[in-house]
Structure formats: structure tokens, C-alpha cells
Amino acid sequence: MEKIKVKCLAAFLTMMLSGSLGAWADINVKGTVTDSTGEPLIGVTVLEKGTSKGTSTDIDGNFQITVADNAVMRFSYVGYDQQEAKAAPVMNIVMKENANMLDEVVAIGYGTQKKSVVTASISKVDGDELALTSPVRMDNALKGLASGVTVTSSSGQPGAA
């Protein structure tokens, strides 16, 4: 029985020293993320694919992270195509712009909305349209020209402002 334990221990140690358990090794990855013109991108999300381990780039586009030796790195940034690459000690990534993505988001106050939601609420009345109606007052000029606009007088008295 004692010989079996010794043989199992010897086999385990041989596997560890031969590197077959080396998949648990980590590597330190450093690099820079830039756009197509060579400008550094600030705040690019850098993740080890399949895990929650990640970081973001600094003001110079640099990042540093420790990941598994065989990891795949995922780089994402608003307005750019997501990219993936096998982890290496030094990684210099060039992000490609995604023009379609930029057309879909409009910044508002403290949040964002899709452009399709915002454009439905915008109306424009040209001076040429106002000239055709020959209005006496401005509130009468807008009646029927801007969708969703309700024109009412403040007091309800005829001739009131």
C-alpha cells in the first residue's frame, strides 16, 4: 500500500514539473490602445474573455493586467468595433471606428437615448412657412405647422395674450 502512495505522489510531481499543469500560470500583459490615426484612446475596456477580470486604459491609452497564459483579451470602446486578441506580454491594439454605432446614440443631460427616440420630438418651422400664413400673432402662426404643439391663450378672454 505504501508503494502505491509513493508511486502516485511521484507521478503527480512529474506532471507538475513537466509543465502539464502549467495552464494555471499567469502572464502580465502590458500595452497601448490607439485609434486608426495613432491617437491614444482613454477608457477602453480591456477584459479577459470568459471572466470578470478587466481594466481600462489610462490617459495615454496604456493598460496593464495579469491574465491566464492562454487567455483571449477583449477590447471595447463606444464608437469602435470590439476586438479580440490572444494575450501576449506586449499588446498594441488599433481600434477601428464603427460609424453606424455613432449615428445611433445622442447624448442628453445625464444620460443617453437612441437617436430615433429624440428625432421624433423635434419640429422645425421655416420662415417661408410663416410668411405664407400672414399671422397677426405668433401663437396663431404656429397653429397647425408644428406637430404636437398645442396653442392656448392664458386667460381664455378673447383678444388676451
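## Salt bridges, sheets and core

At a relative accessibility of 40%, Glu84 counts as partly exposed. The model in which this residue sits is a predicted one, and its side-chain atom pairs are considered only at pLDDT 80 or more. Glu84 forms a salt bridge with Lys49, in which the closest N and O atoms are 3.2 Å apart. This pair links distant parts of the chain, since Glu84 belongs to strand 6 and Lys49 to the loop between strand 2 and strand 3, 35 residues apart. Glu84 also forms a salt bridge with Arg74, where the closest N and O atoms are 2.9 Å apart. Arg74 lies in strand 5 and Glu84 in strand 6, so this pair ties together parts of the chain that are 10 residues apart in sequence. Through shared partners, salt bridges join Lys49, Arg74 and Glu84 into one network. Lys49 is partly exposed, at 41% relative accessible area, and Arg74 is likewise described as partly exposed, at 26%.

A search of the whole structure finds 3 salt bridges, which are set out here.

| Lys49 | Glu84 | 3.2 Å |

Glu48 is found in strand 2, which covers residues 45-48. Leaving aside neighbours within four places in sequence, Glu48 is in contact with Lys53, Val67, Ala68, Ala71, Val72 and Met73.

The chain as a whole contains 5 helices and 9 strands, and from the N terminus on its elements run α-β-β-β-β-β-β-β-α-β-β-α-α-α. Of its 161 residues, 19% count as buried. Among contacts with a separation of 6 or more, 40% are between residues 24 or more positions apart. The accessible surface comes to about 11700 Å², and 57% of that area belongs to carbon and sulfur atoms.

Strand 2 and strand 5 run antiparallel and are joined by 4 bridges, and Leu47 has Arg74 in strand 5 as its bridge partner. Strand 5 (residues 72-76) pairs in the antiparallel sense with strand 6 (residues 83-86) over 4 bridges, with Phe75 standing opposite Gln83 in strand 6. Strand 5 and strand 6 form a hairpin with 6 residues between them, and Gly79 in the turn has a positive phi of about 90°.

Another open sheet is formed by 3 strands in the order 4-1-7, and here the pairing is mixed. Its edges are strand 4 (62-68) and strand 7, each with a single partner strand, so one side of each is left without a neighbour in the sheet. The twist averages 30° from one strand to the next. Strand 1 (residues 26-34) pairs with strand 4 in the antiparallel sense over 7 bridges, and Asp26 stands opposite Ala68 in strand 4.

Which residues have the most contacts inside the largest nonpolar core? That core has 18 residues, and those with the most contacts inside it are Val29, Val33, Phe63, Val67, Met73 and Phe75. Strand 1, strand 4, strand 5 and strand 7 each supply at least two residues of the core, and the largest share, 4 residues, comes from strand 4. Beyond neighbours within four places in sequence, Phe63 is in contact with residues including Val29, Val33, Val46, Phe75 and Met91.

Ala87 has its place in the loop between strand 6 and strand 7 (90-94) and counts as buried, at 8% relative accessibility. Not counting residues up to four places away in sequence, Ala87 touches Ile27, Val29, Val67, Ala71 and Met73. Ala87 and Ile27 are 60 residues apart in sequence, and their C-alpha atoms are 8.3 Å apart in space.

Notes. Residues are numbered from 1 along each chain as its sequence is written. This is a predicted model: local features need pLDDT of at least 70, side-chain atom pairs count only at pLDDT 80 or more; totals for chains, interfaces and linings use all residues. Side-chain values use heavy atoms; hydrogens and water are left out. Buried means under 20% relative accessible area, exposed over 50%, partly exposed in between (1.4 Å probe, protein chains only). Contact means heavy atoms within 4.5 Å. Accessible areas come from the Shrake-Rupley method with a 1.4 Å probe; for residues, only the protein chains shown count as cover. Two strands pair if DSSP finds at least two bridges between them. Axes are lines fitted to C-alpha atoms, for helices over the stretch in contact, and angles run from 0 to 180 degrees between N-to-C directions. A nonpolar core is a set of buried Ala, Val, Leu, Ile, Met, Phe, Trp, Tyr and Cys residues joined through side-chain atoms within 4.5 Å. A salt bridge is a side-chain nitrogen of Lys or Arg within 4 Å of a carboxyl oxygen of Asp or Glu.
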